[in-house]
Amino acid sequence: MNSILKVITQNSFFYGLNLLLISAVVLLLCSFSQADGFIWLNQFHTAILNLIFESITFLGDGWFIIVSSVFILLFVKKHRKLAIIILLSYISSGIFAQIIKNIIAAPRPKVYFELHHYQYYLDTFASSRIGFNSFPSGHTASFFALATVLSNYCKRRYVCASLLLLSILVGYSRIYLAHHFLMDVFVGAVIGVVFGSLSVIWFNKIMENPFVKKKINSLKHPSPSFSNPTLSGQ
């Protein structure tokens, strides 16, 4: 608990913005039914916006996060710690989201509207995902986890605000492209922030472990090798 409070206190601006966002989304969830909320959030569609949100939604894709982390790990030596935390946050938030998906069978928007005989259709329904694994949004969880890790790594206010805005766009893209409802995105965002924060804490705890510290020091400062005087004199 102390570790969580410490992380929140050290980056109160980012977590304060998230609290405002949570309050606003809860208000929306209380104001509309699931179907009405989805329709309200999809009032305006154009071909250009379709292309924009198809690009934005890719930021929450697992491949984007994995490839970005591996690139940092291999080629940006001074930020390897960041890459490890990003991977940890992606794996932990992803596993948790998938567990919930397999426990709760929630229909995706297209299936939901068909099952309830709603006379409503979007152009994006033609390419939207179908099935009963809508809740929660894995893409949203992944990107909010990434944004949380990056915000804790670089605590500058403009970075935190930009990352949160991008996170909101990724979350909204899942609704706009008819893959998820607002509730799916909301819970995905909460999962992402929680596991992004926990990943920072877990990594620091691992690095503070005496055994790990000893191993790291041995890699940084290897024992000097002494040549055999007998062999060297031959």
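This is a predicted model: local features need pLDDT of at least 70, side-chain atom pairs count only at pLDDT 80 or more; totals for chains, interfaces and linings use all residues.
**Figure 1. The largest nonpolar core.** This core has 22 residues, and those touching the most other members are Phe38, Phe113, Tyr120, Leu122, Phe125, Ile175 and Ile191. Two or more residues come from each of α3 (34-41), α7 (109-115) and α10 (182-208). The greatest contribution is that of α10, with six residues. Apart from neighbours within four places in sequence, Phe125 is in contact with Phe38, Pro109, Lys110, Phe113, Tyr120 and Ala178. A second, separate core consists of 15 residues, among them Ile65, Ile86, Val170 and Leu177.

Figure 2. Helix α5 holds 14 residues (62-75), which at 1.5 Å a residue should span 20 Å; the C-alpha atoms at its ends are 20 Å apart, in agreement. Gly62, Ile65, Ser69 and Ile72 are buried in α5. Seen down the helix axis, the buried residues of α5 fall within an arc of 110°, and therefore line one face. Their cover includes α6 (80-103) and α8 (138-153). Trp63, Leu74 and Phe75 are exposed, on the face of α5 turned away from its buried side. At the start of α5, the backbone nitrogen of Trp63 has a side-chain oxygen of Asp61 within 2.9 Å.

Figure 3. In the pair of Phe53 and Tyr172, the ring centres are 5.3 Å apart and the planes stand at 75°, so the pair is edge-to-face. Phe53 has a relative accessible area of 8%, so Phe53 is buried. Tyr172 counts as partly exposed because its relative accessibility is 23%.

**Figure 4. A tilted pair and an aromatic cluster.** Phe113 and Tyr120 form a tilted aromatic pair, with 5.3 Å from centre to centre and 40° between the planes. Both Phe113 and Tyr120 are buried. One aromatic cluster is formed by Phe38, Tyr112, Phe113, Tyr118, Tyr120, Tyr121, Phe125 and Phe181.

Conventions. Residues are numbered from 1 along each chain as its sequence is written. Side-chain values use heavy atoms; hydrogens and water are left out. Helices (H or I, at least four residues) and strands (E, at least two) are DSSP runs, numbered from the N terminus. The expected span of a helix is 1.5 Å times one less than its number of residues. Buried means under 20% relative accessible area, exposed over 50%, partly exposed in between (1.4 Å probe, protein chains only). The arc is that of the directions from the helix axis to the C-beta atoms. Contact means heavy atoms within 4.5 Å. A polar contact is a pair of N or O atoms within 3.5 Å; within protein, one must be able to donate a hydrogen and the other to accept it, and residues adjacent in sequence count only if both atoms are side-chain atoms. A nonpolar core is a set of buried Ala, Val, Leu, Ile, Met, Phe, Trp, Tyr and Cys residues joined through side-chain atoms within 4.5 Å. Rings of Phe, Tyr and Trp (its six-membered ring) pair if their centres lie within 6.5 Å; planes under 30 degrees apart count as stacked, over 60 as edge-to-face and the rest as tilted.
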